Amino acid sequence: MPGEGEPIEGGVSVPDIDKVIHEPARLMIMANLFVLESADFLFLMNRTGLTFGNLSSHMKKLEDAGYIEVVKEFVGRKPHTMLRLTMEGRDAFIEYRRRMGEFLGDIPE
Amino acid sequence: MNESLDLGKIERKAFSSYLQDGFWDIFIGFLLLGFGLRIYTDNVLFTLLIFVGIGIFILGRRYITMPRLGMARFGAQRQRRHIFLLVAILVAVLFTVALWILYAMDLLLSTNIVDIGISLVMAVIFGMIAYYMGSVRIFIYGLVLASMTFLVGNMDDELASLISIAFGAVILIVGIALMVIFIKRYPMKEENAGDAW
């Protein structure tokens, strides 16, 4: 029987799962940004149901991990901040889905 | 935050959230009202109601929807569908104009053909808009508009216009109700929340 965090016979182990993405709130942020080209802070607040402070702190963690980037642009004459996944963030999300699929697939019925 | 991780569903939900504001319904409601009142009263000024609908749609999106819902840009697949939709609408408009020109030049024997053609074009346009938006509601409105176009040309004007006015009023009321629900559901966040970060 494998020890804690060890793979089940050549499968994915728990430490292989990206913990920055694995947190439920950040997972929803990543999933929403993955299907969009970009979105602003307000749109993400509405889509994830997170409060301003919560979303800010999760965004900071994702930005520190290099998964999201901030794009400043003008809407009319007003400056507007849009957020989008970096290439690294997209790759990390794809890899996270693959590993979670493998990990859960390894668990016997 | 209790959504499952179905990415297609997340994308569709994000997109359809822009449809909850009721402004499409208000626009189509005004369109049918303008159409019906114009024929019923024979007063061309009622055609202006269509422009009122367009104005409310544009201003409502700008000053009610965006500050509450925020802004998002959708992926390449939806942008391709968007371009396809615009091309299809352009083709449909050109087809309608061609029908009228043929009719004006006496190359079409019956206005029935024009009515059927325009009705079909309307049904196709709204069908495509409904498909693009994933909204059955818009598709039903399209069918109502197409039927009205056909009926006005083929039945008693007064009755057809009254049916159009009735449908327009119902759709307008649905739109206003949706807008009120939307405003309650998405209250204004603190200023510049959309520009936070």
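Two residues are taken to be in contact if their C-beta atoms, placed from the backbone, lie within 7 Å. On that criterion, 27 residues of chain A are in contact with 20 residues of chain B, in what is a predicted model throughout.

**Interface between the chains**

- On the side of chain A that touches chain B, the elements that give two or more residues are helix 2 (24-35), strand 1 (36-40), helix 3 (41-48), helix 4 (52-64) and strand 3 (78-85) of chain A.
- Sorted by class, that side of chain A has 17 nonpolar residues, together with seven polar and three charged ones.
- Strand 1 of chain A runs antiparallel to strand 1 (residues 72-74) of chain B, and three bridges join the two strands.
- Within this pairing, A:L36 stands opposite B:F74 in strand 1 of chain B, while A:S38 stands opposite B:R73 in that strand of chain B.

- Inside chain A, strand 1 of chain A pairs with strand 3 of chain A in the antiparallel sense over two bridges, and here A:D40 stands opposite A:M82 in strand 3 of chain A.
- Strand 1 of chain A is mostly covered, with four of its five residues buried.

**Helix 2 and helix 4 of chain A**

- The axes of helix 2 of chain A and helix 4 of chain A come within 10 Å and cross at roughly 75°, which makes helix 2 of chain A roughly perpendicular to helix 4 of chain A, because angles of 65 to 115 degrees count as roughly perpendicular.
- From helix 2 of chain A, the residues A:A25, A:R26 and A:I29 meet A:N54, A:H58, A:K61 and A:L62 in helix 4 of chain A.
- The residues of this contact between helix 2 of chain A and helix 4 of chain A divide into three nonpolar, two polar and two charged.

**Overall form of chain B**

- Chain B holds seven helices and one strand, and read along the sequence these elements follow the pattern α-α-α-β-α-α-α-α.
- Taken along the principal axes, the C-alpha atoms of chain B fill a box of roughly 65 × 35 × 25 Å.
- Of the 197 residues of chain B, 25% count as buried.
- Among the contacts in chain B between residues at least 6 apart in sequence, 67% join residues at least 24 apart.

**Two loop residues of chain B**

- B:D42 is placed in the loop between helix 2 (23-41) and helix 3 (48-69) of chain B, and B:D42 has a positive phi of about 60° although it is not a glycine.
- For context, most residues other than glycine have a negative phi.
- B:D42 counts as exposed because it has 10 C-beta neighbours inside 10 Å, and a residue is exposed if 12 or fewer other C-beta atoms lie within that distance.
- B:D156 lies in the loop between helix 6 (136-154) and helix 7 (157-185) of chain B, and with 10 C-beta neighbours inside 10 Å B:D156 likewise counts as exposed.
- Although B:D156 and B:T47 are 109 residues apart in sequence, their C-alpha atoms are 20 Å apart in space.

**Confidence in chain A**

- The mean pLDDT of chain A is 84, and 83% of the residues of chain A reach 70 or more.
- In chain A, confidence is lowest in strand 2 (residues 68-75) of chain A, at a mean of 85, and highest in helix 2 of chain A, at 94.

Technical notes
Residues are numbered from 1 along each chain as its sequence is written. Chains are lettered from A and ligands numbered from 1 in the order in which they are written. This is a predicted model: local features need pLDDT of at least 70, side-chain atom pairs count only at pLDDT 80 or more; totals for chains, interfaces and linings use all residues. Ala, Val, Leu, Ile, Met, Phe, Trp, Tyr, Cys and Pro count as nonpolar, Asp, Glu, Lys and Arg as charged, and the others, Gly among them, as polar. Two strands pair if DSSP finds at least two bridges between them. A residue is buried if 20 or more other C-beta atoms lie within 10 Å of its own, exposed if 12 or fewer, and partly exposed in between; C-beta atoms are placed from the backbone. pLDDT is the predictor's confidence in each residue, from 0 to 100. Axes are lines fitted to C-alpha atoms, for helices over the stretch in contact, and angles run from 0 to 180 degrees between N-to-C directions. Angles under 35 degrees count as roughly parallel, over 145 as roughly antiparallel, 65 to 115 as roughly perpendicular and the rest as oblique.
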